[in-house]
Amino acid sequence: MSLSIPVSGIAGSTVYKLHRLPSFEELTLVLNSSQFPEGLRAFLESHLGELSSDSDLGAINSHYTQEIDRLIKLLPTESPAQKYLALERDFTEVKRIFLNHKEKDQLLNNKAFDAALQQLSSSVMYAQEFRHQLLKRKKSMTRSEDIFSLIAYIEESFLTILTQQLQSASDFYQDILKARINTYTFMSAIKRMEKGQAKDHILDHTLPIQGIPAIIALKSFGFGDLVGEIGADLDIPAAEISVTSIETELLNREIQAINKATYLGMGDERIIQYTGQLYHFLSNVKLGYFQKVFQGNEQETTNRMVNYNIH
């Protein structure tokens, strides 16, 4: 419930926090330094303020969650930013609920589906909308043999609801929606191809939304080399095309759409810019942390990082 604080006031406080975030270049220097990850807590607190007493990774996750919850409570109920953030939080919660009801290596049976659906009302703001969309996909979801397929149906539902809720929002939100649906369309198609699904089946899982570049492009592809076709469509140099480079390029395009808020004054677009940059900043930190601790592939980690300052 909104506390009736003017959106410009909320935006002002978030822009202050936005400017406290380190630049992407500064972050990469820290992640590559000999003081990382030992100095992680001090680095984070210098940019985010005091964190909880959890582990470093626990503090990172709880900080993001607390910021989203705080903003949802402050923002007017009908503001595009509140709808966007609330649906993002709902999407995460719906995934958690359904995955908790799916037994390992078994189908999500009707009983488990119904129990998960019933649980939505206690913790999901847009429970009715999710219930409507998920029920339309019940037959397919209860036949899903793997986690990817289950989450894909939930993401289809989420993006459909997000599109409906933001249909009257500004061009800023329409550009973000388009970028997000592009990411889902291409990455879902690649995953389905890797699972051996046929072209017609993959195309059946595109969202029925007009004017989405990735959906238009996908329908024109021959699917002989889907990764290559998608990479070429995104103008990635042929020698650099990979699933990782495609995903990173798509996420970079999402943040480019979000960073258009820089030129839009102090409306609620700036709040979305803050949460978007905060999310990718913390995600990059976690990528760097796991690479150092588990001695992963440094180049692969670097390639997966999103430049959250890109315009």
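Colleague: Why is Arg-304 called partly exposed?

Modeller: In this predicted model, Arg-304 has a relative accessibility of 43%. Buried would require a value under 20% and exposed a value over 50%, so Arg-304, at 43%, counts as partly exposed.

Colleague: Where does Arg-304 lie, and which residues does Arg-304 touch?

Modeller: Arg-304 belongs to helix H16, which covers residues 298-304. Leaving aside residues up to four places away in sequence, Arg-304 touches Thr-244, Thr-248 and Leu-287. The C-alpha atom of Arg-304 is also separated by 7.8 Å from that of Glu-247, although these two residues are 57 residues apart along the chain.

Colleague: What makes His-280 buried?

Modeller: The relative accessible area of His-280 is 9%, and the cut-off for buried is under 20%, so His-280 is buried. His-280 lies in helix H15, and, again not counting residues up to four places away in sequence, His-280 touches Ile-255, Val-306 and Tyr-308.

Colleague: How do you know that H15 is largely enclosed by the rest of the structure?

Modeller: The count rests on that cut-off of under 20% relative accessible area: 20 of the 25 residues of H15 are buried, so the helix is largely enclosed by the rest of the structure.

Colleague: What makes the span of H15 agree with its number of residues?

Modeller: Helix H15 runs over residues 269-293, and at 1.5 Å a residue its 25 residues should span 36 Å. The expected span is 1.5 Å times one less than the number of residues, and because the end C-alpha atoms of H15 are 36 Å apart, the two values agree. Just after H15, Gln-295 takes a positive phi of about 50 degrees.

Colleague: How many helices and strands does the protein chain have, and why is the protein chain called as compact as a globular protein of that length?

Modeller: The protein chain has 16 helices and zero strands. Its radius of gyration is 20 Å, close to the 19 Å that the globule rule gives for 311 residues, so the chain is as compact as a globular protein of that length. Buried residues make up 50% of the 311 residues, and the C-alpha atoms fill a box of roughly 50 × 50 × 40 Å along the principal axes. Among contacts between residues at least 6 apart in sequence, 67% join residues at least 24 apart.

Conventions: Residues are numbered from 1 along each chain as its sequence is written. This is a predicted model: local features need pLDDT of at least 70, side-chain atom pairs count only at pLDDT 80 or more; totals for chains, interfaces and linings use all residues. Side-chain values use heavy atoms; hydrogens and water are left out. Helices (H or I, at least four residues) and strands (E, at least two) are DSSP runs, numbered from the N terminus. The radius of gyration is taken over C-alpha atoms; the globule rule is 2.2 Å times the number of residues to the power 0.38. Buried means under 20% relative accessible area, exposed over 50%, partly exposed in between (1.4 Å probe, protein chains only). Contact means heavy atoms within 4.5 Å.
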